[in-house]
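Thanks for coming. Please have the structure open while I talk.

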Amino acid sequence: MGRIYLEGKPYMNKNSKLLRLLAVIFTIVLVAAACGDDDGDEETEPAETTPTETAAPAEDDTAEDEGGRLAAVIARGSLNCGVNQTLPGFGNVDANGNNVGFDIDFCRVVAAAVLGNADAVNYTPLDAAQRFPTLQSGEIDLLVRNTTWTASRDGNEQANFMFTTFFDGQGFMVHGDSEINSISDMSGASICVLQGTTTLLNLNSVFGDMGIGFTPVEFQSNDELQPAFTSGQCEVWTTDASGLAAFSSTLDIPTRVLGDIISKEPLGPVVPDGDTEWAQVVNWATMATVQAEEYGITSSNIGSFDDTDNSNIRRFLGLPIEGEIAEVGLGLPADFASNIISQVGNYGEIYERHLAPLGLERGVNALWTDGGLMYVPPFR
Amino acid sequence: MEIGHHPGIPYHEAPSDLPPDHRLSPGEWVRQNLFNNWYNSLISVVMGLGLAFALVQTLDWALTSDFLIIRRNLALFMVGQFPRDELWRVWASLYLLVGASGFGSGVLFRSEQADAEEKGLPVETHSWSEMLRRFWAIVAISIFFVSFARTLLPYLGLVVGFGLFVVGRELGRRLSPALRTRGLFLSGLAGLASLLVLAGTGGLGALAVGGLLGVWTLSEVRNYAEQHGVGSGQPVPVSRRVWRWHIRYPFKRRVGARLASWVAGVVVGVIAWFVLRTVDLSGFGWDDWGGLHLTLFVTVVGISAGFPVGVLLALGRQSKLQVVKGICVVFIEFSRGVPLISLLLFSSFMLPLLFPITFGIPGPLTRAMIVVTAFSAAYIAEIVRGGLQAVPRGQIEAAQAGGMSVARIQRLIVLPQALRAVIPALVGQFISLLKDTSLLSIIGLLEFLQTSDVANAQTEFLGQGLVAVTYPFVALGYWAFAYTMSKESRRVEERLGVGVR
């Protein structure tokens, strides 16, 4: 017995190492086989996989070569939209867990245009740092997350900026009974501003250029600034106009947000570079809301336009003109605008729904006919 | 004989042989401990005033704050954006989970009791007040959370939940200890089913259930074979000589039983998988999950998936095979060497690139769970390695000399001692994992802490300083679970005699 043991030992060691090696190889083969199986699954049973599951990203990939993102979205039956969840008024979650807000409504607008159903949206909440990489990766079709259109972003981030839905910019807020009505009244005024921000830089350069003297009162955070403004330590509070509006609605003193804007922060939907068809679809869907407001079409009165004689409106809503429905040729159904308006509303309605409650005036975001910047090309 | 009576000394003055009674009246205690000299009195007064002030402030906050933000957003805090008209799934899954864990804990309790009886150790009696003492924090926090509900339904739900736990435990306690494994299996299956109710039965869920049923069948068939002599006649000698069947063991009979059990297991597993895939409860996956539910889910996944991986990594790191050791070291040091935030960003940006195209890119939560598991596995591995090193080398050598296989040495001798030694550190890791899940918000997941920010960004509650209401609410939620975990770990330590034996 002892002899066998002595003889057997080296042999057995070798054997057990061999066995371990075999086990490792076996495991690798198993894993490979499992992966291979999944490949086969995808290829052999495409009919079985539902579009909501694993098939969707795969379709995205083929989409690059064939039908493009528009076809992919239609095939998937839902729109993947990257959004914010913590920006009051623009992108937020309500108590029922629904995404709501100004930006969210433009996701719904595109879904209504492309799919005829404003609810067919998968929202992907994104952090500021995540938004461009996620857009580039193709996980989302559309990014509507208070993103400022700048040259470097257009150039470096492979992002394609669409129609600007909200012209934000650095604005000013004063007490309700203040005599200040515009920047020119601010000579010698004390202005509350956050330390080390571009806001302060803008303030210095603009006021310097205009030759207006002022006293900056600097704070570390809005939490410290708010009581200072309320107590009258400064007459003016400056930051982004949308932020000012949001704060003004929560202060317990009457305030006014002035119409003056001293920096440009155009916010709008963003799509990935390189798919013109998709970019055009998003752009025209977005612009349709503005055109609808210009025509005076709202979600409540859209039915009354069914027998309008105005041929422009008939074409816009996809109604037959002399018995014929005109195709726009964008890859969108002829009645896309009508879907948008009836399901989401026109630009003015969207604005009223989400930004007016924050106390945000239309200002530069008014229609061009009212002296604002909301001007869209003709829908013909 | 009268204890304490010394002759010649009056009885009442006699020094007692018993230790003096140190129980003091409250008045004496205060005088001796808080006001025994002037500076202690001063400190007591100052601290007392401070405490009173804090208490008044807290009460003032609790009574005057407007809790409307929590009442209105209770569902958001609990389940995030889970579709509201599908909330029955959450309740059903909760019931299944609670019932299953009640049943499982009952089965475990009964089998431990039987074990103790057999060994002649003191037998633990069952008491519900003891259970309540152990889990009072979670019970209290559930009642507290539900007290914000605006309808009657959540109250009913809570009562049903507690009731199911009681029923499950009583049932489990009455199960014969011989059926222990089957009982635990059943409770595990029910727990898994609770996941399927939420996430649907497609894909992974079906695979997991199929796998579990397969394994169950396999072990049942094998047990049957052994008991009825279909396999080997004698008890199977367990050693590596099993592989060298050609020498002396009745190979054919045993391998026949093995083969049969494997075939049966695979067949049952595949059938279960196929049926579940075909039925498809059309759940939601888990990308819509949020709130406390998401936080707890990620924690449980991180612990239960990270623990076995971590143990394997710890063993691998001690391996003599350089490749295995190298892989383990690289993995552990990589995962431990970077902050969890960067791992989460990795899951968000780079992980999608690593998945094969035909596989499809998994959702953000799946990716996050992969890195959370890797992260906790790496930490657990290092904790377990510490325990492994505490096991005397001589025991391993003795076991080797006794002819035990490597796997059995680890399973029966090393790991039980190693794990017992590191329970406090392990639970510490679990607790910090629970709190680390709050980082998931940076990749856009609506976890428990983030729901507070989201609720405060609602137009209705904007800028009113209501974080002062929501943050304490959220903090209490974290505390209840962390506290219960640490309490349970102390209980396990006591029972295993850590630091005593």
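Start with strand E1 of chain A. Leu79, Cys81 and Val83 of chain A point to one side of E1(A), while A:Asn80 and A:Gly82 point to the other, and all are buried. Before I go on, note that this is a predicted model. Strand E1 covers residues 79-83 of chain A, and five of its five residues are buried, so the strand is largely enclosed by the rest of the structure.

What does E1(A) pair with? One partner is E5(A), which pairs with E1(A) in the parallel sense over five bridges. Within that pairing, A:Cys81 sits opposite A:Tyr123 of E5(A). E6(A) is also joined to E1(A), through two bridges, and these strands run parallel. There, A:Gly82 has A:Leu143 of E6(A) as its bridge partner. As background, strands of a sheet pair through backbone hydrogen bonds, either parallel or antiparallel.

The antiparallel case is in chain A too. Strands E2, E3 and E4 of chain A form an open sheet in the order E2-E3-E4, with antiparallel pairing. E2 (86-87) and E4 (99-100) of chain A are at the edges, each with a single partner strand, so one side of each has no neighbour in the sheet. E2(A) pairs with E3(A), residues 91-93, over two bridges. A:Thr86 has A:Asn92 in E3(A) as its bridge partner.

Next, the packing. The largest nonpolar core has 85 residues, and A:Cys107 and A:Val110 have the most contacts inside it. Which helix gives the most to this core? That is helix H4 of chain A, residues 102-115, with 11 residues. Domain 1 (55-166 + 266-370) and domain 2 (170-263) of chain A both contribute residues, so the core lies between them. Leaving out residues up to four places away in sequence, A:Val110 touches A:Leu79, A:Leu142, A:Val282 and A:Ala285. A second, separate core has 83 residues, including B:Tyr95, B:Leu198, B:Leu345 and B:Leu446. In soluble globular proteins, nonpolar side chains tend to be buried together.

Back to the two domains of chain A. Their C-alpha centres lie 33 Å apart. Domain 1 of chain A puts eight residues into the contact, and domain 2 of chain A puts in eight residues. On the domain 1 side, four are nonpolar, three polar and one charged.

Two backbone points in chain A are worth checking on screen. Most residues other than glycine have a negative phi. A:Asn146 has a positive phi, near 30°. It is placed in the loop between strand E6 (142-143) and helix H6 (151-156) of chain A. Is A:Asn146 buried or exposed? With 23 other C-beta atoms within 10 Å, A:Asn146 is buried. A:Gln158 also has a positive phi, near 55°, and belongs to the loop between H6 and strand E7 (159-161) of chain A. A:Gln158 counts as partly exposed, with 14 C-beta neighbours inside 10 Å.

Now chain B. Its secondary structure amounts to 19 helices and zero strands. Of its 501 residues, 32% count as buried. Among contacts in chain B with a separation of 6 or more, 78% are between residues 24 or more positions apart. Chain B is divided into domain 1 (25-64) and domain 2 (295-460), and 45 Å separate the C-alpha centres of these two domains.

On confidence, chain B averages a pLDDT of 84, and 88% of its residues score at least 70. Over residues 240-249 of chain B the pLDDT is below 50, and this stretch has two contacts in the model beyond near neighbours in sequence. Where pLDDT is low, the predicted coordinates should not be read in detail.

Last, the interface. For the complex, the predictor gives an ipTM of 0.75 and a pTM of 0.79.

That's what I have; questions are welcome.

Key:
Residues are numbered from 1 along each chain as its sequence is written. Chains are lettered from A and ligands numbered from 1 in the order in which they are written. This is a predicted model: local features need pLDDT of at least 70, side-chain atom pairs count only at pLDDT 80 or more; totals for chains, interfaces and linings use all residues. Two strands pair if DSSP finds at least two bridges between them. Helices (H or I, at least four residues) and strands (E, at least two) are DSSP runs, numbered from the N terminus. A nonpolar core is a set of buried Ala, Val, Leu, Ile, Met, Phe, Trp, Tyr and Cys residues joined through C-beta atoms within 7 Å. A residue is buried if 20 or more other C-beta atoms lie within 10 Å of its own, exposed if 12 or fewer, and partly exposed in between; C-beta atoms are placed from the backbone. Domain bounds come from an automatic or database domain assignment. Two residues are in contact if their C-beta atoms, placed from the backbone, lie within 7 Å. pLDDT is the predictor's confidence in each residue, from 0 to 100. Ala, Val, Leu, Ile, Met, Phe, Trp, Tyr, Cys and Pro count as nonpolar, Asp, Glu, Lys and Arg as charged, and the others, Gly among them, as polar.
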